[in-house]
Amino acid sequence: MQSAAAALHAADAKTLEFAGSGHWYQFGQAPVPGGAWPQFDVSSYAAAIDFQAPAERVQLTRIQTIEPGRSRPAPTEQKLDWYVSGDKAWNVALAPNAQPGAAPSPTPAQATLEERTAEIWGTPQGFLKAALANGAQSRPDGDGVEVSFTLGGKYRYVGCIDANDRVDWIKTWIDSPVLGDTLVETRFKDYKDFAGVAFPGEITRLAGGYPVLHLHVSSAKLDQPVAVAVPANIAEAKPPAVVVKADKIADGVYYLTGGTHHSVAVEQQDHWVLVEAPLNEERSLALIQKLGELAPAKPIKYVVATHVHFDHAGGLRTLVDAGATVVAQDADKAYFEKAWAEPRTIRPDKLSQSKKTPKFETWQDKHVLSDGRRSIEFHRLAGNGHSDDLGVIYLPAEKVLIEADAFTPLAADAPLPKSPNPYSVNLLENIGKLKLDVKQIAALHGPRVTTLDDLRSAIGQPSLSQ
């Protein structure tokens, strides 16, 4: 370790900066259950790290790569500005409705804290500094040496130093509500001399088994000034309260809002059917509490997964622990069973403690749940480019359609998009093919329950009333 630290100038390094280009991949948003994360082309990537804080700033310019045969919205270039310092993580960006000339504003991004902190110690110099400072253990590994240590009492790091005093790879684990203890592995190739700094010319980072970053490095330097100050509003920010608001949209049907992701609860004679358990355990516990207030004697018998994307599936395990059966497509069941079998030592949830066996009720193209009075239909959105397993829920008596990610209603005064979203076009096509009589659309993102006319307007088609 001492020899490698000397070779890479790591022991006394206070800061590290590196830049390059390549690809970034969106973790947890695979368009096929169990597939790779979707790719973005990165024309510019720059990381600035302060090992002493510890802190990091990453600035990147990206644009989504359209996979052959998949219909997605026309990609637009995005310039992103991401930060972490100590126990705070935040982004800096213009507000969605900012006026011309407005300054970007910092917004909390605490859900990324573990991931961004792992990036600091997942660099060759950062890994060696942390290893030397945390009583690392080492053992022979082929022609090299495997080094391991623990940070903060729960984050384990393992890396390999080769015979040339280069760090070959680094592994650590962070928490994911879907995957549990999630392996983050960073691999290094083609070390070069960047003006006296030995640094890899190629970096590949994987999370959950698939790449999240592939970078060709164009520059690297040590001990240049790096200032990552925590903005006042971020330093003072408290974790937002988890709020669930229930709005009745039909007899026994409630639109559950209060955050970025919504759910819908459908009341049956002796139980609830909950559509979506998004985000995490905290959100699901709040949903359970709200349904207990609405009908204290009725358990949640079923929880519905519209698809496996992590922001929509992160709270499912909590409902399983509460006794609910997961209603999901066949491919989703196989994915959840594999993912949920992984260890959960970093942040144990209720299901990992109770060790209950998840129950599933699966379907392929169509499924119906009924209590004899109310029927709930499930339909797959054939050909939707967002995700191959994307499904919608339809209440035929109430003429309510529940959908996620295919159509997000805009605010009442927002301008219509310049071009139609192909996910929304596909949704309308599927509604027609399935002959669904839709009066209300309960979108699981967006500000409000909407209508079929709103969907038609959003994609530039005449409304039904015209």
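## First stop: T204

T204 itself sits in strand β12, residues 197-207. Helices here are DSSP runs of H or I with at least four residues, strands are runs of E with at least two, and both are numbered from the N terminus. Is T204 buried or exposed? T204 counts as buried because its relative accessibility is 18%; buried means under 20% relative accessible area, exposed over 50%, and partly exposed in between, with a 1.4 Å probe and protein chains only.

A word on ground rules: this is a predicted model, in which local features need pLDDT of at least 70 and side-chain atom pairs count only at pLDDT 80 or more, while totals for chains, interfaces and linings use all residues. Residues are numbered from 1 along each chain as its sequence is written, and side-chain values use heavy atoms, leaving out hydrogens and water.

## Second stop: the cores

Now pick F18, Y45, Y157, F199, L274, Y335 and F336, which touch the most other members of the largest nonpolar core, a set of 87 residues. Such a core consists of buried Ala, Val, Leu, Ile, Met, Phe, Trp, Tyr and Cys residues joined through side-chain atoms within 4.5 Å. Colour strand β13 (residues 210-222) next: this strand gives the most to the core, six residues. Zoom in on F336, and beyond its neighbours within four places in sequence you'll find A305, V308, A313, L316 and F360 in contact with it. Another core lies apart from that one, with 22 residues, including I249, V304, A404 and A442. In soluble globular proteins, nonpolar side chains tend to be buried together.

Jump to helix α8 (residues 330-340), where A331 lies. A331 counts as partly exposed, because its relative accessibility is 44%.

## Zoom out

Along the principal axes, the C-alpha trace spans about 75 × 50 × 45 Å. Colour by burial to finish: 51% of the 466 residues count as buried.

Key. Contact means heavy atoms within 4.5 Å.
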